[in-house]
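Trainee: I am new to this structure. Can we go through it together?

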Amino acid sequence: MDTELQAATYKEKRHTTRKGRLRSFLAQIDLQVMVLPGVLLVLLFSYVPMWGVLIGFQDYDLFKGIFHSDWVGLKHFNMFIHSPDFFRVMRNTLAISLLKLFFGFPAPIVLALILNEVKHLGFKRFVQTVSYLPHFMSWVIVSSFVISMLSIDNGSINILLQRLGFIDEPINWLSRSEYFWGILVSTGVWKDVGFGAIIYLAAIAGIDPHLYEASAMDGAGRVRQIMHITIPGITPVIMIFLILNIGGILYAGFDDILNLTNNGANTLLRPVSDVLDTYVYRVGILGQRYSYATAVGLFKSLISVILLVLANVLARRMGRASLW
Amino acid sequence: MFKLKIWDKSYDTAVIIILVILSFVTLYPFWNSVVISLNVGTDTALGGITFWPRAFTWENYEVVFKDDRLAQAFGVSILRTIVGTFLSIFFTSMFAYGLTKKHLIGRKVYMIMCIITMFFSGGLIPSFLLIKSLHMIDTFWVLVVPGIIVVWNVIIFRTFFMELPAGLEESAKMDGCNHIRTYFSIILPISGPVLATLSLFTAVGLWNDWFTASIYINNPNLMPIQTLLNQIVNSNALSEQLSSAGGAASEFVRQLQGVSTKSLVMATMIVTTLPIIMVYPFLQRFFVKGVLIGSLKE
């Protein structure tokens with residue numbers, strides 16, 4: 001038995017010498033068969049589209065295909081940057097994602113800190129259960145809630161505001177562009193705040209309880225403990241998520257925006273709701289301008305990757321956690 | 001000392017009040033939708049339904065359950081969720097298991113290949129053109145196959161498998177099992193928690209996805225429920241917001257003219273969300289576990 005095992009390990013190691021490469025490959029054919037479907041699927045559905053970004057540099061013709069379409073260099077990139085849509089789309093993308101970062105990023109941290117102050121375990125569990133429920137609803141459902149809550153003839157928000165005397169007439173919220181960013185950002189916070197808090201709660205649970213006892217002996221109150229123990233204790237986790245968020249700064253949302261604007265058909269909201277991703281969808285899929293939309297998409301991914309790398313370098317310089 | 005106690009008490013009370021408000025704000029939209037779905041449609045149109053139905057009825061649910069298109073869409077969603085979850089978990093975990101073996105030829109290349117996809121992708125249009133050239137448009141498989149390998153899950157599975165005691169596999173090997181056999185009869189049976197967690201996330205994701213079908217599916221018989229719902233809600237809401245009633249109403253909405261569609265849409269929504277609400281209390285501890293294995297470990 002023992003020698004067999006040794007022989008097996010020997011066989012598996014032998015591929016380091018070139019001669020036995022094929023042999024050791026055959027020796028591990030069972031393993032290779034196991035990873036093969038995964039490798040093929042990733043190659044097909046992730047790498048073929050990566051190669052497909054080349055059509056952003058072509059005047060892609062569906063009938064000629066990628067091999068025979070004409071190369072046009074940076075034409076589509078130039079066209080996008082000089083188009084009247086550019087300013088609007090970039091402004092909306094940056095504004096919405098920055099607003100989401102500004103309100104959406106701290107919200108789960110604050111919720112975790114508040115939840116951590118609850119002494120009654122049953123109540124704490126109840127609030128947690130309730131708060132991450134919306135994360136598991138589709139955006140179709142969530143946006144229907146929002147549309148229903150804000151509707152002009154039925155909406156609870158209008159009813160509430162009228163009864164409190166803040167407004168005289170019900171407001172048609174989703175047809176007024178000045179409210180859209182606020183609606184979008186608060187819906188996002190509503191949907192994901194509880195789920196986001198899970199990680200921070202786990203991080204808080206990992207803090208050494210002795211620190212709290214010691215600080216209590218020194219006379220620190222609960223607010224001070226939060227400021228000087230809990231928050232510093234979860235800072236590494238906060239940093240990692242901040243870096244991830246900065247990499248996604250050009251991702252302003254897609255499902256949420258499409259669903260709240262009736263798949264982009266709500267033209268009243270378009271000046272404030274058009275972001276890079278929905279723009280690619282509209283001109284690419286609906287408008288069938290494949291090359292142009294691919295160029296816009298590529299423009300976005302490239303900037304995102306650069307931002308992510310920069311954010312990570314910066315985080316490492318500061319001596320804090322980094323992703324890699 | 002006395003002063004401190006009062007401060008402490010009011011601190012606790014403030015915390016509780018904040019969280020009660022938060023819970024209310026989270027639950028109310030659900031509650032309100034249930035209420036509207038239980039109200040007579042024509043009465044709902046008059047407005048003002050908040051906490052209780054004004055004219056109670058089961059009628060909306062009866063219509064929903066009798067509608068053939070909805071039943072068909074439910075069927076598609078259920079089939080897609082089951083088949084998709086099974087295939088995804090099966091191939092993703094097997095892939096991850098292979099990647100835990102240090103002597104696997106090409107392991108580094110496969111790993112780097114996976115990691116790159118987490119930072120860069122071809123984007124919507126090249127993916128769309130790929131699906132088109134594979135002739136997958138208007139097939140059931142487009143709802144399942146492109147999403148089989150989830151790279152994030154590969155990494156979670158891999159981390160989990162690497163922490164299993166090495167002795168288990170060695171003894172299987174001594175008994176003459178190859179890797180495939182070891183994987184099925186040793187590894188999978190003891191991977192219950194991670195299998196349950198990731199199956200759950202995958203299933204919820206597949207159930208909730210509406211976008212894939214909205215661009216790849218035109219055949220109404222292959223339309224999943226969320227996509228159909230998205231179309232119904234849109235045509236309904238758009239007509240309300242742009243006040244051009246009936247302008248873009250979908251087939252379903254048109255069939256139900258005369259009834260206020262709002263109650264009906266709410267009933268459909270509740271029925272669509274019901275599967276998640278029902279499994280939720282039993283499985284939420286997995287949700288928490290899943291987020292944690294997905295994030296805190298490297």
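Predicted model: local features only at pLDDT ≥ 70, side-chain atom pairs only at ≥ 80, totals over all residues.

Trainee: At what angle do α11 and α12 of chain A pack?

Mentor: Two packed helices are described by the angle between their axes and the distance between the axes. Helix α11 of chain A covers residues 209-217, and helix α12 of chain A covers residues 222-247. Their axes lie 11 Å apart, and the angle is about 145°.

Trainee: Which residues of α12(A) make the contact?

Mentor: Start with the partner: α11(A) brings A:Leu211, A:Tyr212, A:Ser215 and A:Ala216. By class, the contact has four nonpolar, three polar and no charged residues. From α12(A) come A:Gln225, A:Ile229 and A:Thr230.

Trainee: Which element gives the largest share of the lining of the second largest cavity?

Mentor: Elements that give two or more residues to this lining are α13 (255-260), α14 (270-273) and α15 (276-286) of chain A. The largest share is three residues, and it comes from α15(A).

Trainee: How many residues of that lining are charged?

Mentor: The lining includes A:Ile257, A:Asn263, A:Arg270, A:Asp274 and A:Arg282. By class, three lining residues are nonpolar and six are polar. The charged ones number three.

Definitions and conventions. Residues numbered from 1 in each chain as written. Chains lettered and ligands numbered in written order. Heavy atoms only, no water. Axes fitted to C-alpha atoms, helices over the stretch in contact; angles between N-to-C directions. Helix = DSSP H or I, 4+ residues; strand = E, 2+ residues; numbered from the N terminus. Contact = heavy atoms within 4.5 Å. Nonpolar A, V, L, I, M, F, W, Y, C, P; charged D, E, K, R; others polar. 1 Å grid on protein atoms, 1.4 Å probe; cavity = no way out; pocket = protein on both sides within 12 Å on 5 of 7 lines; lining within 4 Å.
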